[in-house]
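Please look at the sequence and the model below. The text then goes through them part by part.

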Amino acid sequence: MASYLRFENVTRRFGSFTAVDDVNIDIQQGETFSLLGPSGCGKTTLLRMAAGFDKPDAGRILLDGKDITPLPPDKRPVNTVFQSYALFPHLSVRDNIAFGPKIAKWPQDAITRGVDEMLDLIDLKAHAGKKPAQLSGGMKQRVAIARALVNKPKVLLLDEPLAALDLKLRQRLLVELDAIHDEVGITFIYVTHDQGEAMSISDRIAVMNKGTIEQVGPPAEIYEAPRSSFVAAFIGDTNFLDGRVTEAIDPRFSRCEVNGFGSIVIDNDKPVTPGDRVHLSLRPEKLLVSREQPSSSDLENAIAGKVEDVIYFGSHTRYWVRCGEWRLCAEMQHRKYQLDEQSPKWGDTVWLRWHANDGFLLEQYRAEDEGLLTLPDEDS
Amino acid sequence: MKKSRLPFATLLLVLVFFYLPIGFLVLNSFNNSRYASKWNGFSTRWYERLTERDDLVAALGNSLKIATGASLASMVLGTAAAFALRHRASKLQDAHRLLVAVPLVLPDILMGMSLLLLFISFGLKLSLFTITLAHITFCLSYVALVVQARLQDFDFNAVEAARDLGATKLQAFVKVTLPLLAPGILAGGLLAFTLSIDDYVITYFVKGPGSDTLPTLVYAMIKKSKDLPVINALSSIMLLVTFAVVAVSQRLTRPTPSSI
């Protein structure tokens, strides 16, 4: 597949700090592509370079085969939706949307038609005469989207467009944004630090960390098959286990010794040979918690532990189980009427069970990424 | 709990302190008598006499010309200075900020003297032009101060948005930056206008023969008190104008409601 927007060995430094470090990305025409990462990972810098507000120190940016790196923002066929909306406070909603077309000297009737079309799209026809100060946050953001889209950009850049809104509104606008994308078919680049947003809106996600791309892929792939401990820990929750491969069972599975656990069976997500040290990511919802010892089978792992913490969430319960030196997090969905269940309590001895397929071997592990699992969410 | 009357009493006292002399002046401008000490009945004769004084009208014209020129020029230069002062990084900027702020507190007599010396050494003929130049020097700082305050909470994202939507640097400035800053610039200009209109000390130093402004002429007239009540009438009119100007500038600088 030919790439539509391409970042080629792009590097950007601010003094001694490298904000973006030799990044290569290929974005397809019409897709919603997310740049996801914690603050300071370089995602916004990358977006600003695509918009033309910032220039790379090295590398180039190609749009539809054309090198746009030297072009100023007003000469690029891309438009931006800013986190702070950046609406023009002295202009009405209608004039805000008409700003681009007027600058581009569209004929008057084309401007009117284009603006009306956008007002329909964002469902704000009744508010066309209002000034931005008279609008709610959600309305402002919709105007910002319309003001960018009316110019029919080749790529729409969205810089944390929902970050300033409250949760319910964020969820609603996310659905709207997805609908708008389906309707206009323009390539969206969506910058966010919120993995939920990225997962629900994106065709593909690039997970960024410290100026580099950790992994690019569809949301499910990023979640189920994280390449690094950073990706595994940043997207959702997980447990990390490390052990040493002791024997190859068959081409797909190996046996692995984990300190304090004994032997477990792992899927060879990457080629391993006996003696290798491996790191396993185990998502909490993949672990089954039971009070009876499960009957063992070849590819099932079962280990005993003691419940240390229980947190009830309504739809599910989260357990922290102590297994020797490991403290594992397991999640149980309540698919039956929960009050009838004999659910494990604090101090109970339980069994954790998972299939060898349900863990994932990481290509890259850094101990510091474990911190992502224990630190509270920055914006909560 | 009973509401304290103290704040109200204080307010009343302050207002009396401020406006009693002014009220007295306005009252006297309608006094038929030449002397302020006794009330001789209501009359508008001093207002009528005012229209006959060609020298006063000419001085008023001079003052208006100078104030208009000085405030317009300082609006441009002061805005430029405020923009230059926006970046807070270097030591040079600190020096620049200091240099722009100092004329606010510099004694007028010092500015008057130094400007006079400068004009003479450059061989400039003292005239309305030199007065205007002198007024620009102190008005500029006030405009810079007001615009700087406006820039503090200015959303530069809006300028980036304009560029993003296809506007050149100049178009973004004209269509977004300027309209957003206009209230601040205008308020600074009005402040400059009022400061210029009633400046005496600096004007006295740099005015040439025959280029009297209203304040210098009024001061000269006070010495020959024959027409003192005419000045009362003139002051009352200026008071009215000043109130109007300040009211307008307050309306312009009022923060816009952020959301409803």
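In which strand of chain A does Arg353(A) lie? Arg353(A) belongs to strand S19 of chain A; strands here are DSSP runs of E with at least two residues, helices are runs of H or I with at least four residues, and both are numbered from the N terminus. The model is predicted, so local features need pLDDT of at least 70 and side-chain atom pairs count only at pLDDT 80 or more, while totals for chains, interfaces and linings use all residues. Residues are numbered from 1 along each chain as its sequence is written, and chains are lettered from A and ligands numbered from 1 in the order in which they are written.

Arg353(A) counts as buried because 21 C-beta neighbours lie inside 10 Å. The term buried applies when 20 or more other C-beta atoms lie within 10 Å of a residue's own, exposed when there are 12 or fewer, and partly exposed in between, with the C-beta atoms placed from the backbone. Leaving out residues up to four places away in sequence, Arg353(A) touches Leu288(A), Ser290(A), Pro294(A), Glu300(A), Asn301(A) and Ala302(A); a contact requires C-beta atoms, placed from the backbone, within 7 Å. By contrast, Ala146(A) is 207 residues from Arg353(A) in sequence and 50 Å away in space, C-alpha to C-alpha.

The strand around Arg353(A) has pairing partners. Strand S15 (residues 288-290) of chain A pairs with S19(A) (residues 349-355) in the antiparallel sense over 3 bridges; two strands pair if DSSP finds at least two bridges between them. Arg353(A) is the bridge partner of Leu288(A) in this pairing. Strand S16 (residues 300-312) of chain A also pairs with S19(A) in the antiparallel sense, over 7 bridges, and here Gly305(A) has Val350(A) as its bridge partner.

These strands are part of an open sheet of 5 strands, in the order S15-S19-S16-S17-S18 (chain A), with antiparallel pairing. S15 and strand S18 (326-333) of chain A stand at the edges with a single partner strand each, so one side of each has no neighbour in the sheet. On average, neighbouring strands of this sheet are turned by 45 degrees against each other, direction ignored; the angles are taken between axes, which are lines fitted to C-alpha atoms, for helices over the stretch in contact, and run from 0 to 180 degrees between N-to-C directions. In S18(A), Cys329(A) stands opposite Trp320(A).

Another open sheet of chain A has 5 strands in the order S13-S12-S11-S14-S20, and its pairing is antiparallel. Its edge strands are strand S13 (262-267) and strand S20 (359-361) of chain A, each of which pairs on one side only. Neighbouring strands of this sheet are turned by 45 degrees against each other on average, direction ignored. Strand S12 (residues 253-258) of chain A runs antiparallel to S13(A) and is joined to S13(A) by 6 bridges. Gly262(A) in S13(A) stands opposite Val258(A).

Chain A also has helices. Helix H5 (residues 167-184) of chain A has 18 residues and spans 26 Å from its first C-alpha to its last, close to the 26 Å expected at 1.5 Å a residue; the expected span is 1.5 Å times one less than the number of residues. The buried residues of H5(A) are Leu173(A), Leu177(A) and His181(A). They cover an arc of only 85 degrees around the axis, which puts them on the same side of H5(A); the arc is that of the directions from the helix axis to the C-beta atoms. On the other side of H5(A), Lys168(A), Val175(A), Ala179(A), Asp182(A) and Glu183(A) are exposed. The cover over the buried residues of H5(A) includes strand S3 (32-36), helix H4 (137-149), strand S8 (187-192) and helix H6 (195-201) of chain A. Gly185(A), with a positive phi near 65 degrees, follows H5(A).

Chain B has 11 helices and 0 strands. Of the 260 residues of chain B, 30% count as buried. Where chain B meets chain A, 20 residues of chain B are in contact with 19 residues of chain A. Helix H7 (156-164) and helix H8 (169-197) of chain B each supply at least two residues of the side of chain B that touches chain A, and H7(B) gives the most, with 6 residues.

Key:
Two residues are in contact if their C-beta atoms, placed from the backbone, lie within 7 Å.
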